[in-house]
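Biologist: Could you walk me through this protein, one step at a time? I am new to reading structures.

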Amino acid sequence: MKVRSLCFFSCLAFASVGVSEERTFRTIHQTVSFEGEAVGFDPDANTVTIRREGGREVKYQLSFLSKEDQSYIQKHRETLILAASIQIGLTEVAGEAKAAEAKDGEATKPVGFTISVQNSAEVVRKGLNAEYTLYYRKGLKAGMGPILQKSGRISLGDIHPGKSVSASTAAVDLAREEELGDDCCSGRVMPGGGWPDMLLGCKIELKVDGEVVKAHYSKGNLPALLAEE
């Protein structure tokens, strides 16, 4: 089995997104404004973590922000605390070749992800569910096809302090250039004359009681890629 680690425990910080929408934040005196997304809150330090443009995460004292923004953070306080205590990792996993599922004479391989969720809080995180979507393209004779999706839901249950749980997504069968060897293709064209399939990535949404508490992308450019489709 071939395993490719794309990101473990949010090593690519820009790939995770918070529970709230992107908004314009302002300082307490309304002299400076900036775009960002609240992705965490530390009640002990009374700081909020905001992801700025380009994926950079910055911590601010809550008192630094406008009264309106302070109210906004307090409204989402518990969800932001929960989001900050959860780390998500994704590992791409490819299974054995399936010649019987050949595409234009080329063997395919089932490809999916292993989801790892870690709880860094000192309390049990209960009732976590993961809803995922795999995004991929199938190669055609004339080029790449449209973006396709495969979705599913996994019950993660309770995660105790300092512990992690892992689960696997469903897989999609792909005939990819890299799975067939470096010398298999002429440019991007497969031996059978078509283009190789492509796994674009995976989106995970963690939910508690139906509410999204944290979302995570396997690749930081995946949201932009989907928006262009």
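**Strands, confidence and salt bridges**

Modeller: Let's start with a pair of strands: strand 5 (residues 47–52) and strand 6 run antiparallel and are joined by five bridges. Strands are DSSP runs of E with at least two residues, numbered from the N terminus, and two strands pair if DSSP finds at least two bridges between them. This is a predicted model, where local features need pLDDT of at least 70 and side-chain atom pairs count only at pLDDT 80 or more, while totals for chains, interfaces and linings use all residues. Residues are numbered from 1 along each chain as its sequence is written, and side-chain values use heavy atoms, leaving out hydrogens and water.

Biologist: Which residue in strand 6 is the bridge partner of Arg51?

Modeller: Strand 6 covers residues 57–61, and its uncovered face holds Glu57, Lys59 and Gln61. The partner of Arg51 belongs to that strand, and it is Glu57.

Biologist: In which strand is confidence lowest?

Modeller: We use pLDDT, the predictor's confidence in each residue, from 0 to 100. The protein's mean is 81, and strand 12 (residues 164–168) has the highest confidence, at 96. Where pLDDT is low, the predicted coordinates should not be read in detail. The lowest confidence, a mean of 42, is in strand 1 (residues 2–7).

Biologist: How many contacts beyond four places in sequence does the model have for residues 1–14?

Modeller: A contact means heavy atoms within 4.5 Å. The pLDDT stays under 50 over residues 1–14, and the number of such contacts is 46.

Biologist: How many salt bridges are found in the whole structure?

Modeller: A salt bridge needs a side-chain nitrogen of Lys or Arg within 4 Å of a carboxyl oxygen of Asp or Glu. One of them joins Lys203 and Glu205, at 3.3 Å from N to O. Searching the whole structure gives a count of seven.

Biologist: How many residues apart in sequence are the parts that Lys138 and Asp197 tie together?

Modeller: These two form a salt bridge, with their closest N and O atoms 3.1 Å apart. Lys138 sits in strand 10 (residues 125–140), and Asp197 in the loop between strand 13 (172–174) and strand 14 (198–208), so the parts they tie together are separated in sequence by 59 residues.

Biologist: Is Asp197 buried or exposed?

Modeller: Buried means under 20% relative accessible area, exposed means over 50%, and partly exposed is in between (1.4 Å probe, protein chains only). Asp197 has a relative accessible area of 3%, so Asp197 is buried.

Definitions and conventions:
Helices (H or I, at least four residues) and strands (E, at least two) are DSSP runs, numbered from the N terminus.
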